[in-house]
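Colleague: Could you walk me through this one while I have it open?
Modeller: Gladly, ask away as you look.

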Amino acid sequence: MAIQISTALAIYFVIWWIALFLTLPFGVRSQHEDGVGAPGTDPGAPILTRMGGKLIWTTIISAIIYGIGIAAYHAGYLSIERLSKLMGMPF
């Protein structure tokens, strides 16, 4: 059973978006932690977000997770029938 391109892209986008929110807090230092900051700004505001690296790591992590999911799907470990039996719901 083949997956349509639009379905594959939608699944990848959802995985990518979740991975982005998982990687956002890593490596961020606040103004309060460094003891610097412009007057009138929030002390918890980040100094350097390094978004380029986070976007690259998000893409790598989501590609790995997506690849594992697709491999499990094609191997037969991941199907609607199998998941419905595991959850005790009739299909």
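Colleague: How far apart are the end C-alpha atoms of residues 7-28, and how much of the span is helix?
Modeller: In this model, which is predicted, those end C-alpha atoms lie 34 Å apart, and the span is 77% helix with 0% strand.

Colleague: Which residues does the UniProt annotation "transmembrane region" cover?
Modeller: According to the UniProt record, which is an unreviewed entry, that annotation covers residues 7-28 and also residues 55-80. For residues 55-80, the model puts the end C-alpha atoms 31 Å apart, in a span that is 85% helix and 0% strand.

Colleague: What span should helix α3 have?
Modeller: Helix α3 runs over residues 51-75, and at 1.5 Å a residue its 25 residues should span 36 Å, which agrees with the 36 Å between its end C-alpha atoms. After α3 comes G76, which has a positive phi near 95°.

Colleague: Which residues of α3 are buried, and what do they pack against?
Modeller: The buried ones are K54, T58, S62 and Y66, and the buried residues of α3 pack against α1, which covers residues 5-23.

Colleague: Changing topic, how many salt bridges does the structure hold?
Modeller: It holds one, formed between D34 and R29, with the closest N and O atoms 2.8 Å apart. In general, side chains of opposite charge can pair when their charged atoms come close.

Colleague: And how accessible are D34 and R29?
Modeller: D34 has a relative accessible area of 38%, so it is partly exposed, and R29, at 41% relative accessibility, also counts as partly exposed, a class that lies between the cut-offs of under 20% for buried and over 50% for exposed.

Technical notes:
Residues numbered from 1 in each chain as written. Predicted model: local features only at pLDDT ≥ 70, side-chain atom pairs only at ≥ 80, totals over all residues. Heavy atoms only, no water. Helix = DSSP H or I, 4+ residues; strand = E, 2+ residues; numbered from the N terminus. Expected span 1.5 Å × (residues − 1). Buried < 20%, exposed > 50% of the residue type's maximum accessible area, 1.4 Å probe, protein only. Contact = heavy atoms within 4.5 Å. UniProt positions renumbered as here; feature names shortened; annotations may be inferred. Salt bridge = Lys/Arg side-chain N within 4 Å of Asp/Glu carboxyl O.
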